[in-house]
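Hi,

Here is the structure I promised to pass on. Have a look at it first, and my notes on the disulfides and one of the pockets follow below.

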Amino acid sequence: MRLATLLAFLRPALPLILGLSLGCSLSLLRVSWIQSDGEDTCMDTGVNNGLFAGKMQQDSVAGGRSSQNDEDFKPRIVPYYRDPNKPYKKVLRTRYIQTELGFHERLFVAVLTSKATMNTLAVAVNKTVAHHFPHLLYFTGLRSAKVPHGMALVSHGDERPVWLMYETMRYIHQHFGGDYDWFYVMQDDTYAQAEQIKALLTHLSINQDVYLGRAEEFIGGDEQARYCHGGFGYLVSRSLLLKLHRHLDSCRNEILSVRPDEWLGRCIIDFLGISCVSQHQGQHYRSYELAKNADLEKEEGEDFQAALTVHPVSEGTLMYRLHKHFSRIQLDRAYQEIQQLQMQIRNLTSLTPAREGGLTWPIGINAPFVPKSRFEVISWDYFTEQHLFSCPDGSPKCELAGASKADVSDIIEAALQQLNSRYQPQLRFYKQQLLNGYRRFDPTRGMEYMLDLLLEAVTQKGHSHVLAKRVSLVRPLSKVEIIPMPYVTEATRVQLVLPLTVQELDFVSNFLDMFAMNTLDTHDNALLTLLFIYQPYDAQRVSQLDVFAGVKAMVGELEKRYAEVKIPWISVKTEVPSQVKLMDIVSKKHPVDTLFFLASVWTEVNTEFLNRCRMNTISNWQVFFPMHFQEFNPVLMYHGEQASSSTDFLRDGHFDRHAFAEACFYNSDYMAARTKLAADILDRDEVLESMEVFDVFLRYSGLHLFRAVEPGLVQKYMLRSCNPRLSEELYHRCVLSNLEGLSSRSHLAMALFEQEQANST
């Protein structure tokens, strides 16, 4: 009875008990199978599979082949260990991944010049091919030579040809040996096709010792060795330069030669055993020797057309003619390639599901952008030959001038050329008038044009007829080019300059609080200078009643709280607070290498923007004028309700493109531009009242003006007081900034609708 009761109680748990027993039994059997006598097979398997590829794997041999050959294909796990007794040291990471991975630039070009040819042939080389090479440097033996404009020159101080070659190779290795893969050496009497030379390098391996050029025999020698003729230029690989560097001093002392190219070739052969070659890895270095008094129009041979370099070039005009000739050849080849590609695209389109319907115009260019809503529609700008009806300042009509006028003239001329090339010789078209013109910028393909032209069509027999014809043209986006920029760091000290008027006193407290919280508390490398702008009446009563006394008290409290911080101020008396005149006062009181951030009282300073100010401002290269984000009027946006907590703050404001109050620039750049301005206006100081710092840099400096939206500068809404004493343009900017900062179009429409509803009732 008891047994039956126990079995009835355990019956639901019997499957669980039997499963556990069976699992334990199988586990014990598996352990007995996989274990061997004193060997840890599991660990050996893990090592041989490459999970821990260390000394054991390198020394083992499997199947008669060393596993060291597989080391490139199997990952190695390097364990991390840090001694707890040693202080932690922060790992210094490079700013660019290219530097960290050890990438090199492709090509460095060295041009050998002399006193007689520096201002003629060297200038011609600089104007024809220098902008095609990433880095080009001129070398001469002159001492303290006067450098022509736009050229970088290295003077060695010895005009002996061999000594110049020795110093040049040593300089290249010392300064650029670790930065470039290829080094091209040429003379200033050599014309080189830069694009063809760069294309040649893309087909050559960088890990081989290459000495490539026009191979010549040594004078008086019967050896098989060759040297590269210096007049036609030659390429030296980085690996060859690194090996050659240690033997340059020996070559200078032991090898006697008059020609520098022979001396270099003999040095490479004697110490490295490498001879000059004219072809390598299937790539030919083609050159052409130009005869004296040669006529370029008659040089139509295949050797001349395919030449990478031409030598000798006796004068600068011949250099320019060669450049024009080879540029025309390259342009014709490019058009032929475009036609071949368009034909291939047209043939392949018939095999696609869309067939001819999927063929875009022009062939090979992206299709026009298709908007998904009415807010994405790209509008067309209307223009004529005299006027533009979509002006930058918002006016309905303005005169067509400058780059816009040149663009319209160029596109009309291109349209006539295309029409004549298509209908000749039956018809010849002559423009009489541009009836209508439309253009828009499509970011997916480029600038699009539609022209209604009034043309005179003339037949072969001389009959003429006037007709109107609409043509469509596209100026496609070309190859995107990365502009090289000088390297800057985030360690530069920023000097904030805050001009302050009486009307802005209510907002100073918030500015100082944000400055203390975001810069002083974080120990950011930034200083502040206040500029108190007194009206003449307030300046006379400053001893009895100082309108800026409250601000000075706030500054004193900050200096007490932060003992190491000093906030100086400058007092100015003026009725018209011209930004340029105020900046002149501040500029004289700071060193020339000071990085200024010209701020406004509504600016909320933060570390994020200060770092971008440092990175986007480059001395003697670029100034930065950010467009701050201006919040809309909360009364119109929320009708007195609580603002939403959405993180999408861009819908509650706009980037104020009419404001130029914030600016980042170096004092040296401002002083240089200000000097040119002073020479232009002479003693007419009233001109300064119609200008801002932006206008000074735009008109009187050759620097890049970087104008970009800046989400790190967010300003609360405030109706700014526009000074009518300033110029009409500055006053107009201020009024537009206030108007566009009221609210969005939808909220303004809603406010007008509610007002009309209230008036109707």
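One definition before the rest: a residue is called buried when its relative accessible area is under 20%. Keep in mind too that this is a predicted model.

Cys664 comes out with a relative accessible area of 0%, so it is buried. Its partner is Cys613, and the two sulfur atoms sit 2.2 Å apart in a disulfide. Cys613 is buried as well, because its relative accessible area is also 0%. What is the handedness of the link between Cys613 and Cys664? The torsion about the S-S bond is about -125°, so this disulfide is left-handed. Cys613 belongs to helix 19 (residues 607-616) and Cys664 to strand 28 (residues 663-666), so the bond ties together parts that are 51 residues apart in sequence.

That is one of four disulfides in the model. Another is formed by Cys251 and Cys267, with 1.9 Å between their sulfur atoms. The pair links distant parts of the chain, since Cys251 is in helix 10 (residues 248-254) and Cys267 in helix 11 (residues 260-272), 16 residues apart. This link is right-handed, with 75° about the S-S bond. Both Cys251 and Cys267 are buried.

Then there is the disulfide that joins Cys391 to Cys398, S to S 2.3 Å. The torsion about its S-S bond is about -110°, so the link is left-handed. Cys391 has a relative accessible area of 10%, which means that Cys391 is buried.

The largest share is from helix 14, which gives 10 residues. Sorted by class, the lining of this pocket holds 18 nonpolar, eight polar and five charged residues.

Cheers

How values were computed
Residues are numbered from 1 along each chain as its sequence is written. This is a predicted model: local features need pLDDT of at least 70, side-chain atom pairs count only at pLDDT 80 or more; totals for chains, interfaces and linings use all residues. Side-chain values use heavy atoms; hydrogens and water are left out. Helices (H or I, at least four residues) and strands (E, at least two) are DSSP runs, numbered from the N terminus. Ala, Val, Leu, Ile, Met, Phe, Trp, Tyr, Cys and Pro count as nonpolar, Asp, Glu, Lys and Arg as charged, and the others, Gly among them, as polar. A disulfide is a pair of cysteine sulfur atoms within 2.5 Å. Buried means under 20% relative accessible area, exposed over 50%, partly exposed in between (1.4 Å probe, protein chains only).
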